[in-house]
Amino acid sequence: MPRPTGRVLTLLELLQSGGTRTVAELADRLGVDGRTVRRYVDHLIDLDVPVESVRGRYGGYRLAPGYRLPPLMLSDDEALAVLLGLVAGRRAGLMTAERTASETVSAKIRRVLPRHVARRLDTLLESLSFTDQPGEFATPDAGVLLTIADAVRHRRPVSVRYTDREGRRSQRTLHAYGIVAHAGRWYVTGTDPEIGEARTFRLDRIADARTLPGSFEVPVGPDPAQRVLSGFATAEYRHEVTLRIHGTVDQIRAHLPASVASVEEHAPTADEDRATEHWLRVELRAERLDWLPPALASLDRPFVIERPDELRDLVIALADRLTSSARQA
């Protein structure tokens, strides 16, 4: 039979799962009566665990926000999941500027792992390999990230001190719609109210963020992730490319994703299948064109280059090289 201390810890674990737990539910899970449940709650309160009582028909107990976090208990599988998530996050570059935080929390968890779980983890990490290279991206400041997240949630304007890719510094006001993690970087997207245009900023380039008075409404339109991807596709680069490709949207997106190109779609008629191949207009901007001919070849769909002529010359040169290689004995 479990000892009282074990039941108290089990009670804490049940409360940590969130929500309000009725006395009857807790009594049933712990195998005790309601009076004993109340006594166990008193033990937790004596340990400074912030448990609050909820009155009413559906009342019971729940954990209340407090200055000190209650003890955190993880099962073996949960501990492994947390540690593997930290490993993946570091490789993907999705960490804050406090890089030591992920290292110290990993060390804390590993220090209290049972030996058999630690061995399982070491075995897994020794066997694990990745097909991509570790991320070496600049990371955002934790304070900036949390301030902007709070502004997003409460629809509050935020003032940011930003440095662009040319090294120019400026103070901006942003109506932030959401935070997006993409390709190892953090971005915030929203509208600059002074010019009335959409803006996307890299969070690691924001040195300071301060919430401003007031509020705003998010306009109807794409979600934050779609806004970031479309922003990449329409950013200012050296070359503007316009194509017509015969195929489906899915076929085109497989080689030219939304972060690279925009595809002009039309709503299908009642008797038209969305998967039916037809001519679609594709636009993109690129700093270099040398990667486009192989991408168009891999599409294996009929296409027409509207601009620039330089791309047409590169495609012809690639076709000539392929033809010459194929004819060699």
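Modeller: A residue is buried under 20% relative accessible area, exposed over 50% and partly exposed in between, computed with a 1.4 Å probe and protein chains only. Tyr-177, at 8% relative accessibility, therefore counts as buried. The model is predicted, so local features need pLDDT of at least 70 and side-chain atom pairs count only at pLDDT 80 or more, while totals for chains, interfaces and linings use all residues. Residues are numbered from 1 along each chain as its sequence is written, and side-chain values use heavy atoms, with hydrogens and water left out.

Biologist: How many aromatic pairs are there?

Modeller: Rings of Phe, Tyr and Trp (its six-membered ring) pair if their centres lie within 6.5 Å; planes under 30 degrees apart count as stacked, over 60 as edge-to-face and the rest as tilted. The count by this rule is two aromatic pairs. In one of them, Tyr-162 and Phe-201 have ring centres 4.6 Å apart and planes at 40°, so the pair is tilted.

Biologist: Which parts of the chain does the pair of Tyr-162 and Phe-201 tie together?

Modeller: Helices (H or I, at least four residues) and strands (E, at least two) are DSSP runs, numbered from the N terminus. Tyr-162 belongs to strand β3 (residues 158-163) and Phe-201 to strand β6 (residues 197-202), so the pair joins parts 39 residues apart in sequence. Tyr-162 is buried at 7% relative accessibility, and Phe-201 is buried at 3%. The rings of Tyr-177 and Phe-216 also form a tilted pair, because their centres are 6.2 Å apart and their planes lie at 50°. Here Tyr-177 is in strand β4 (residues 169-182), and Phe-216 is in the loop between β7 (206-211) and α8 (224-233). Phe-216 counts as buried at 8% relative accessibility.

Biologist: What is the order of the strands in the open sheet?

Modeller: Strands of a sheet pair through backbone hydrogen bonds, either parallel or antiparallel. Two strands count as paired if DSSP finds at least two bridges between them. The open sheet has four strands in the order β9-β10-β8-β11, with antiparallel pairing. At its edges stand β9 (261-264) and β11 (303-307), each with a single partner strand, so one side of each has no neighbour in the sheet.

Biologist: How many bridges join β8 and β11?

Modeller: Strand β8 (residues 239-247) pairs with β11 in the antiparallel sense over four bridges. Leu-243 has Ile-305, in β11, as its bridge partner.
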